[in-house]
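Please examine the sequence and the three-dimensional model shown below.

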Amino acid sequence: PAVLPSVAAPVPDHFAVIAHFYDRLVERLPQGAQIFDDNIILAQSYLKASPQHRYYPNSGISSLGHAIPAAIGARCAVATPSFAVLGDGGFQMCGMELMTAVNHDIPLNVLMINNGTLGLIRKNQFQLYGERYIDCDFVNPDFALLAQSFGIRHWRVEKTADVDALFEQADLAEEVAPAQLEHRLQLAFEQHGEHQEVRGGRAPQPRADEQRREHWPETVERYM
């Protein structure tokens, strides 16, 4: 029987920036790269992995905070550009490892998705716990100032043109260069009948404080 040609699905608008990032990474670093994923699974859809561009996912293990130390260790072992891709929640678990890269002059690239929530945790609480949210939203620091305090450069990436500028201006092979992705990533659940989008800062809470307190005992019990 004839084999039908595969047709790539169109990239949703809310993932266009990170899809473009992965395309440019493969294009601008033909010598290869090693990408460590902190449970940000978009690379599984948009990265053209190859023997040169190696992808190390964290799916199924979900040990948030491993991407930066893993990328540092890999860069010490192999002289190939290293990328840590993680969310802001994972970054807050391992962000101070930037000090290790700075102190030991280890080239490192950090792509952090800043949306002010633990996205997968929030999705699970929506789907499995009747929208009873607990400890998944938070307020972030100013990551540009944090990078400045380490003496490293910082890029805020909000649109595809920012991705192009990043690859034109940054030395992604030999310097410590965090890039903060602040595109309006759409979370994988709906809230009050509309898609909930979160960008930086504290995400809007789905219930009033009184309603959350009312459901607190049942929520704690179901998490144990």
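**Salt bridges, cores and a buried histidine**

The chain contains 7 salt bridges, a salt bridge being a side-chain nitrogen of Lys or Arg within 4 Å of a carboxyl oxygen of Asp or Glu. The model is predicted, so local features need pLDDT of at least 70 and side-chain atom pairs count only at pLDDT 80 or more, while totals for chains, interfaces and linings use all residues. Residues are numbered from 1 along each chain as its sequence is written, and side-chain values use heavy atoms, with hydrogens and water left out.

One of these bridges joins Arg24 to Asp164, with the closest N and O atoms 2.3 Å apart. Arg24 belongs to helix H1 and Asp164 to helix H8, so the pair ties together parts that are 140 residues apart in sequence. Helices (H or I, at least four residues) and strands (E, at least two) are DSSP runs, numbered from the N terminus. Arg24 is buried, at a relative accessible area of 11%, whereas Asp164 is partly exposed, at 25%. Here buried means under 20% relative accessible area, exposed over 50%, and partly exposed in between, with a 1.4 Å probe and protein chains only. Arg24 and Asp164 also belong to a network of salt bridges that includes Glu27.

A further bridge connects Arg75 and Glu174, whose closest N and O atoms are 3.6 Å apart. This pair, too, links distant parts of the chain: Arg75 is in helix H3 (residues 67–77), and Glu174, 99 residues apart from it, is in the loop between H8 and strand E6 (176–181). Arg75 is buried, with a relative accessible area of 11%. In the bridge between Asp162 and Lys159, the closest N and O atoms are 3.3 Å apart. Asp162 counts as buried at 17% relative accessibility, and Lys159 as partly exposed at 48%.

What does the chain as a whole look like in secondary structure? It comprises 10 helices and 8 strands. Of its 224 residues, 47% count as buried. Contacts (heavy atoms within 4.5 Å) between residues 24 or more positions apart make up 67% of those with a separation of 6 or more.

In soluble globular proteins, nonpolar side chains tend to be buried together. A nonpolar core is a set of buried Ala, Val, Leu, Ile, Met, Phe, Trp, Tyr and Cys residues joined through side-chain atoms within 4.5 Å. The largest one in this chain has 28 residues, and Phe21, Tyr22, Leu25, Ile35 and Phe83 have the most contacts inside it. At least two residues of this core come from each of several elements, among them helix H1 (16–28), strand E1 (33–37), strand E3 (82–87) and helix H8 (160–169). H1 supplies the largest share, 6 residues. Leaving aside neighbours within four places in sequence, Leu25 is in contact with Ala33, Ile35, His53, Phe83 and Phe167. Apart from this core lies another, of 21 residues, including Phe36, Leu86, Met112 and Val176.

Among the partners of Leu25 is His53, a residue of strand E2 (residues 53–56). Is His53 buried or exposed? His53 is buried, with a relative accessible area of 4%. Not counting residues up to four places away in sequence, His53 touches Leu25, Val26, Leu29, Pro30, Gly32, Ala33 and Lys48. With Leu29 there is also an approach to the backbone: the side chain of His53 reaches the backbone oxygen of Leu29 at 2.7 Å.

Technical notes. A polar contact is a pair of N or O atoms within 3.5 Å; within protein, one must be able to donate a hydrogen and the other to accept it, and residues adjacent in sequence count only if both atoms are side-chain atoms.
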